[in-house]
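I have my notebook open and a chain to explore. Come along while I look things up one at a time.

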Amino acid sequence: MEIDENPPRKSSLIVAKSNGEDTKQDDSGILDTTKFKTLEEQVKFYERRIRSCHKAKQKEKEGDELCNLGILYYKAGRLQDARHCHERHLNIAKSIRSPRSEKRAYCNLGCTYRRLGNLDRAIECYEEGLKLAKELGDRTGEGKLINNLANIFEQKGDFDQAVCYHQRRLKLAKELNDLDAESKSCASIGNIHHLLGNIRESIAYYERLVASLKFKLAQKDKKAAKVEANCNGEEKDDHFEDDYSYPGASTPNRRNSDSISVNSSKTDPGSVGTDPKSGTSNG
């Protein structure tokens, strides 16, 4: 499952500094949590920030910090605490009419309900989040939620629905030139067909997976060669980014102009990935 986490926001740092807290950050603006020895220290830190935002009537920032705390609880396996935080975040998002924050809260609630075993409620949350992502034009967020729906239907044993959502994810990944998502979608569809005994179909998707991975490695090697050439003072190829032919694409030279914009501060996140069995692998 893919949770929806917050990139850093400088305004959250201002709130913490006003309380005299040490908020050491790296050059990217991400909070350095190495100073925390225990989970409880991190929890108390976020609780202080939540109280500060609430006192200052900064509802959006309060919601962002609740989101961060919920993700912290989620990763620590404290799922009821995580659910409580994400529900509070959702209520705040609705009260300030922030569809982007609402979409994020639904996504994270869905992941939490899934791990709690309430798959039907998880599906409802993902579908609400997906509806908002479409309204926002957030195609990256849309892909994340489609992926989560695919995995949860696979977990329920509804393989027709799972394949349908994986194929939607694959189509979107190709449109966004997202090789990682395309590879994972091909692997997932191939695995389902293999499980169902559809050997030819599974082979076809595994072959697409291999082609995608080969292309990814070739691009990586090409970029490395370009960097080496630049270091050696050789003339660089300014057009190499536009010269590729994407595997499975109907037309070459497609560029991704879409972007995702999610809000707030970040402690120690990372995507909870796409393994439908365990629910946790980076991706």
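Which residues have the most contacts inside the largest nonpolar core? I looked them up, keeping in mind that this is a predicted model. They are Leu 69, Tyr 126, Leu 149, Ile 152 and Phe 153, and the core itself has 42 residues.

Helices H2 (39-55), H3 (59-76), H4, H5, H6 (119-136), H7 (139-156) and H8 (159-175) each supply at least two of its residues. I noted that H6 gives the most, with eight residues.

Then I stepped back to the whole chain. I found 10 helices and zero strands, so my sketch of the order along the sequence reads α-α-α-α-α-α-α-α-α-α. Of the 283 residues in the chain, 46% are buried. I also looked at contacts between residues at least 6 apart in sequence, and 61% of these join residues at least 24 apart.

My last entry is on one helix pair. How do H4 (residues 79-95) and H5 (residues 99-116) cross? Their axes come within 9 Å and cross at roughly 160 degrees. Angles over 145 degrees count as roughly antiparallel, which is why H4 is described as roughly antiparallel to H5. I wrote down that the crossing is left-handed.

Who makes the contact? On H4 I listed residues including Leu 79, His 86, Leu 90 and Lys 94. On H5 I listed, among others, Ser 101, Ala 105, Leu 109 and Tyr 113. Sorting the residues of this contact, I got nine nonpolar, six polar and six charged.

Methods: Residues are numbered from 1 along each chain as its sequence is written. This is a predicted model: local features need pLDDT of at least 70, side-chain atom pairs count only at pLDDT 80 or more; totals for chains, interfaces and linings use all residues. Side-chain values use heavy atoms; hydrogens and water are left out. Axes are lines fitted to C-alpha atoms, for helices over the stretch in contact, and angles run from 0 to 180 degrees between N-to-C directions. Helices (H or I, at least four residues) and strands (E, at least two) are DSSP runs, numbered from the N terminus. Angles under 35 degrees count as roughly parallel, over 145 as roughly antiparallel, 65 to 115 as roughly perpendicular and the rest as oblique. A crossing is left-handed if the near helix is turned anticlockwise from the far one by less than a right angle, and right-handed if clockwise. Contact means heavy atoms within 4.5 Å. Ala, Val, Leu, Ile, Met, Phe, Trp, Tyr, Cys and Pro count as nonpolar, Asp, Glu, Lys and Arg as charged, and the others, Gly among them, as polar. A nonpolar core is a set of buried Ala, Val, Leu, Ile, Met, Phe, Trp, Tyr and Cys residues joined through side-chain atoms within 4.5 Å. Buried means under 20% relative accessible area, exposed over 50%, partly exposed in between (1.4 Å probe, protein chains only).
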